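Take a look at the fold below before reading on. Keep the viewer open and follow along.

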Amino acid sequence: MDYQKAILDKVSTGLRICSLRAKAALTHEELAELLQLRSPRVIYDWESGMKVPNAENLYNLALIFNMKMEDLLVMR
């Protein structure tokens, strides 16, 4: 079987989320509110590549940005 493990590029994924948020003209605070997060801090963490969204937040980001979940992630 030919299989090559995919690796999530956290920094590039964060930059993609940042770009999508900016294109949607949403602030960190507005996006956090849409996702019902307690603080926008997690948005900053995603965009800097420190963390990645969990499955629920990834699903909701895809809904907000009108795209597939897998298109939010940058794999290498």
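The model is predicted. Begin in the middle. The largest nonpolar core has 13 residues. Those with the most contacts inside it are Leu31, Leu35, Ile43, Trp46, Leu61, Phe65 and Leu72. Four helices each supply at least two residues of this core: H1 (10-23), H2 (28-34), H3 (41-48) and H4 (55-65). The largest share, four residues, comes from H4. In soluble globular proteins, nonpolar side chains tend to be buried together.

Now zoom in on Leu35, one of the core residues with the most contacts. Set aside its neighbours within four places in sequence. Leu35 then touches Ile43, Trp46, Asn57, Asn60, Leu61 and Ile64.

Turn next to H4. Its buried residues are Asn57, Leu58, Leu61, Ala62 and Phe65. Viewed down the helix axis, these buried residues fall within an arc of 140°, so they line one face of H4. An α-helix has 3.6 residues a turn, so residues three or four places apart point the same way. What do the buried residues of H4 pack against? Their partners are H1, H2 and H3. The face of H4 turned away from the buried side carries Ala55, Glu56 and Leu63, which are exposed.

At its start, a side-chain oxygen of Asn54 reaches to within 3.2 Å of the backbone nitrogen of Glu56. After H4 comes Asn66, with a positive phi near 55°. Asn66 is not a glycine. With a relative accessibility of 71%, Asn66 counts as exposed.

Gln36 sits in the loop between H2 and H3. Its phi is positive too, about 55°, and Gln36 is not a glycine either. Is Gln36 buried or exposed? Its relative accessibility is 73%, and the cut-off for exposed is over 50%, so Gln36 counts as exposed.

Next, the pairing of H1 with H3. The axes of these two helices come within 6 Å and cross at roughly 125°. H1 and H3 are therefore oblique to each other. From H1, the contact uses Lys10, Val11, Gly14, Leu15, Ile17, Cys18 and Arg21. From H3, it uses Ile43, Trp46, Glu47 and Ser48.

Glu47 lies in H3. Is this residue, Glu47, buried or exposed? Its relative accessibility is 10%, and the cut-off for buried is under 20%, so Glu47 counts as buried. The side chain of Glu47 has a polar contact of 2.8 Å with the side chain of His28. Leaving aside neighbours within four places in sequence, Glu47 is in contact with Gly14, Leu15, Ile17, Cys18, Arg21 and His28.

Finish at Pro53. Pro53 is placed in the loop between H3 and H4. Pro53 is buried, at a relative accessible area of 9%. Again leave aside neighbours within four places in sequence. Pro53 is then in contact with Ile17, Trp46, Leu58 and Leu61. Of these, Trp46 and Leu61 are among the core residues with the most contacts. Gly14 is 39 residues from Pro53 in sequence, but the two C-alpha atoms are 9.4 Å apart in space. Gly14 also belongs to the H1 side of the contact with H3.

Methods: Residues numbered from 1 in each chain as written. Predicted model: local features only at pLDDT ≥ 70, side-chain atom pairs only at ≥ 80, totals over all residues. Heavy atoms only, no water. Core = buried A, V, L, I, M, F, W, Y, C linked by side-chain atoms within 4.5 Å. Buried < 20%, exposed > 50% of the residue type's maximum accessible area, 1.4 Å probe, protein only. Contact = heavy atoms within 4.5 Å. Arc of directions from axis to C-beta. Polar contact = N/O pair within 3.5 Å; in protein donor to acceptor, adjacent residues only side chain to side chain. Axes fitted to C-alpha atoms, helices over the stretch in contact; angles between N-to-C directions. Parallel < 35°, antiparallel > 145°, perpendicular 65-115°, else oblique.
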